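Please have the sequence and the 3D view open side by side. The paragraphs below go from the DNA to the charged pairs and then to one helix.

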2 protein chains.
Amino acid sequence: MGFGNVSERRSAPPQVGVSVVILALGPRGADDTGTASNAAHSQLWMPLVKRVRQPFMGSWALPGGHLRADRSLEQSAFEALESTTALHPRYLEQLYTFGDPNRSHGGLPMVSIVYWALVEQSEAVDFEDGDNVRWFPEHDLPQLAFDHRAIIDYALERLRSKIEYSDVATRLLGPTFTLRQLHDVYEAIAGQSIDLANFRRKMLASGDLEDTGEKRREGRQRPAAVYRYVPKEQVNDTVQRAGIPGSPSSYAGDHAVASLDPRHNAAHDDALAPLTPSAQR
Amino acid sequence: MGFGNVSERRSAPPQVGVSVVILALGPRGADDTGTASNAAHSQLWMPLVKRVRQPFMGSWALPGGHLRADRSLEQSAFEALESTTALHPRYLEQLYTFGDPNRSHGGLPMVSIVYWALVEQSEAVDFEDGDNVRWFPEHDLPQLAFDHRAIIDYALERLRSKIEYSDVATRLLGPTFTLRQLHDVYEAIAGQSIDLANFRRKMLASGDLEDTGEKRREGRQRPAAVYRYVPKEQVNDTVQRAGIPGSPSSYAGDHAVASLDPRHNAAHDDALAPLTPSAQR
DNA sequence: GCAAAAGTGTTCACGATACACCCATGG
DNA sequence: CCATGGGTGTATCGTGAACACTTTTGC
């Protein structure tokens with residue numbers, strides 16, 4: 001597969017791959033090394049893989065894989081995620097496509113279609129490290145290969161903005177949760193304290209939380225009510241378009257995946273596609 | 001360039017290209033055909049090109065082009081835009097990457113990295129149609145090739161959400177404008193009437209509009225003050241990352257390109273990259 | 001001076017914030 | 001019975017929507 005000469009190689013299309021930023025809520029108050037990060041809140045953690053070839057051999061990098069012509073981008077992202085980390089995301093959304101010619105710093109030009117995923121805490125609860133995959137807390141990342149550091153920052157930005165108008169926060173928890181747990185997620189993502197009383201009211205007022213009737217005791221005092229996320233009426237025309245962002249869908253069985261409107265890019269926005277699509281918002 | 005057999009072709013990577021959704025503000029009240037669309041506001045128009053090969057030969061489609069390993073994605077999008085329509089965008093941002101295996105409906109699997117662009121009204125003021133390129137109003141689009149209709153809808157969604165927290169609206173006008181002109185843009189994009197008094201106050205309160213001192217007469221009555229968009233203080237660390245969304249930059253000379261935070265997608269968000277980057281928000 | 005558009009003022013409803021408070025539970 | 005966290009009440013503030021109003025211009 002050799003190219004003829006330099007100019008042919010220049011006008012040739014670049015290589016294309018998929019990468020995934022995977023995020024999970026870290027253990028309560030765990031700060032790993034005693035870094036200066038505020039130990040009050042939980043932190044977001046993510047798995048990274050060690051590169052075994054040049055360039056950036058030995059550096060940590062985002063899990064990734066190849067594209068296949070018979071798979072949707074999302075499926076490719078899902079497979080890359082699953083094969084490298086064996087995790088099952090509760091949320092998966094395209095983040096951005098990176099293709100700057102010099103992002104590979106000496107390697108061949110590479111276009112990366114990047115997705116971001118959320119997995120629930122219990123999936124990674126032990127934050128077990130394999131041979132070539134290891135979990136790192138958001139505030140204590142190692143040196144990263146390529147432009148992966150910037151990509152992660154962008155994913156975190158997206159998460160932070162998206163938490164305000166979608167249900168992404170619930171995807172870091174299990175299918176049911178207490179208001180305090182949800183509150184913790186919001187604080188972890190925002191990185192600052194949020195008034196619990198007002199938070200509670202706002203969440204309940206949204207109408208998207210359904211009381212399961214169940215009670216759960218987190219600490220050693222009074223048990224809290226357990227809720228489930230149930231998006232309100234899906235006022236939506238049935239215009240369904242495969243692989244089109246803004247069309248959310250179910251995933252891996254019963255895990256609904258949020259959509260969003262592309263504010264800011266909103267903008268930007270989409271959701272899982274593989275299974276039964278069902279619109280929202 | 002033939003592949004060996006079916007299974008090889010399946011696991012092979014798909015073809016990759018760039019496409020661009022180009023939007024401009026249509027002439028005042030022009031409705032082309034007397035369709036049922038509310039003739040009160042202006043409308044958004046976009047140029048499409050006629051396909052000259054299968055699949056979808058003869059259908060209208062988004063302007064597009066190839067990727068080159070020695071160009072950034074944005075540059076490739078810019079070149080595709082320029083070579084097919086000869087337009088100079090005042091805004092260019094990555095929209096989304098589409099790669100569903102059956103979006104080509106019989107053609108080879110194709111991944112499209114789609115950008116969206118805004119050009120100012122005067123650039124396309126005559127909405128002149130070339131041989132194979134023609135302008136269409138948002139509410140009177142022809143049958144489109146591939147999934148391009150859905151892509152356009154998504155671009156419009158993005159524009160509509162992004163207008164609320166960025167300066168995209170001004171990119172549909174020239175460098176200076178009256179509040180009424182800006183108001184018209186907002187109404188065209190929103191598709192509904194907006195209280196002019198409140199709109200005026202809100203815009204001025206944002207602090208991003210600077211009175212040029214100039215006066216301009218649109219109709220035949222009292223001339224209006226002319227403003228220029230001047231983003232407030234750029235409170236931003238100098239962390240600059242090439243090709244990373246959220247980092248806006250200048251373009252084609254003096255045309256600054258807006259950034260955004262990725263709400264909704266924000267999605268979703270980035271801006272021009274080629275020239276001197278300078279952050280915002 | 002009249003029509004049309006530019007530009008200002010005033011009111012109201014609602015949502016977000018701050019913070020005081022009561023209730024349920026386990027030890 | 002008391003400490004801890006669950007859960008509620010309430011006053012205040014700022015923003016956006018509605019709409020009445022004044023001012024400036026051209027004919």
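**The surface near the DNA**

Helix α5 (196-206) of chain A, together with α5 (196-206) and β10 (224-229) of chain B, each supply at least two residues of the surface near DNA strand C. Helices (H or I, at least four residues) and strands (E, at least two) are DSSP runs, numbered from the N terminus. This is a predicted model, in which local features need pLDDT of at least 70 and side-chain atom pairs count only at pLDDT 80 or more, while totals for chains, interfaces and linings use all residues. Residues are numbered from 1 along each chain as its sequence is written, chains are lettered from A and ligands numbered from 1 in the order in which they are written, and side-chain values use heavy atoms, with hydrogens and water left out.

How many residues surround DNA strand C? There are 16, and the closest are A:Asn198, A:Arg222, B:Arg180, B:Ala197 and B:Arg201. Of the atoms of DNA strand C that come within 4 Å of the protein, 61% belong to sugar and phosphate. A residue counts as near the strand if one of its heavy atoms lies within 4 Å of it. Sorted by class, this surface has 6 nonpolar, 2 polar and 8 charged residues. Here Ala, Val, Leu, Ile, Met, Phe, Trp, Tyr, Cys and Pro count as nonpolar, Asp, Glu, Lys and Arg as charged, and the others, Gly among them, as polar.

Some arginines come close to the bases. In the side chain of A:Arg222, an N or O atom is 2.8 Å from a base oxygen of DNA strand C. B:Arg222 has a polar side-chain atom 3.2 Å from a base nitrogen of DNA strand C.

**Charged pairs in the protein**

Side chains of opposite charge can pair when their charged atoms come close. Over all chains, the whole structure holds 20 salt bridges (a side-chain nitrogen of Lys or Arg within 4 Å of a carboxyl oxygen of Asp or Glu). One of them joins A:Asp153 to A:Arg149, with the closest N and O atoms 3.5 Å apart. These two residues are separated by about one helical turn, because they are 4 residues apart in helix α3 (residues 148-162) of chain A. An α-helix has 3.6 residues a turn, so residues three or four places apart point the same way. A:Asp153 is partly exposed at 29% relative accessible area, and A:Arg149 is partly exposed at 39%. Buried means under 20% relative accessible area, exposed over 50%, and partly exposed in between (1.4 Å probe, protein chains only).

In chain B, B:Arg103 forms a salt bridge with B:Asp147, the closest N and O atoms being 2.8 Å apart. This pair links distant parts of the chain, 44 residues apart: B:Arg103 is in the loop between β5 (91-98) and β6 (110-118), and B:Asp147 is in the loop between β7 (133-137) and α3 (148-162). Both B:Arg103 and B:Asp147 are buried. Another salt bridge, between B:Arg71 and B:Glu79, has an N to O distance of 2.5 Å. In chain A, a network of salt bridges links A:Arg68, A:Asp70, A:Arg71 and A:Glu79.

**A covered helix in chain B**

Which residues of α4(B) are buried? They are B:Leu179, B:Gln181, B:Leu182, B:His183, B:Asp184, B:Val185, B:Tyr186, B:Glu187, B:Ala188 and B:Ile189. After α4(B) comes B:Gly191, with a positive phi near 75°.

How values were computed. Polar contact = N/O pair within 3.5 Å; in protein donor to acceptor, adjacent residues only side chain to side chain.
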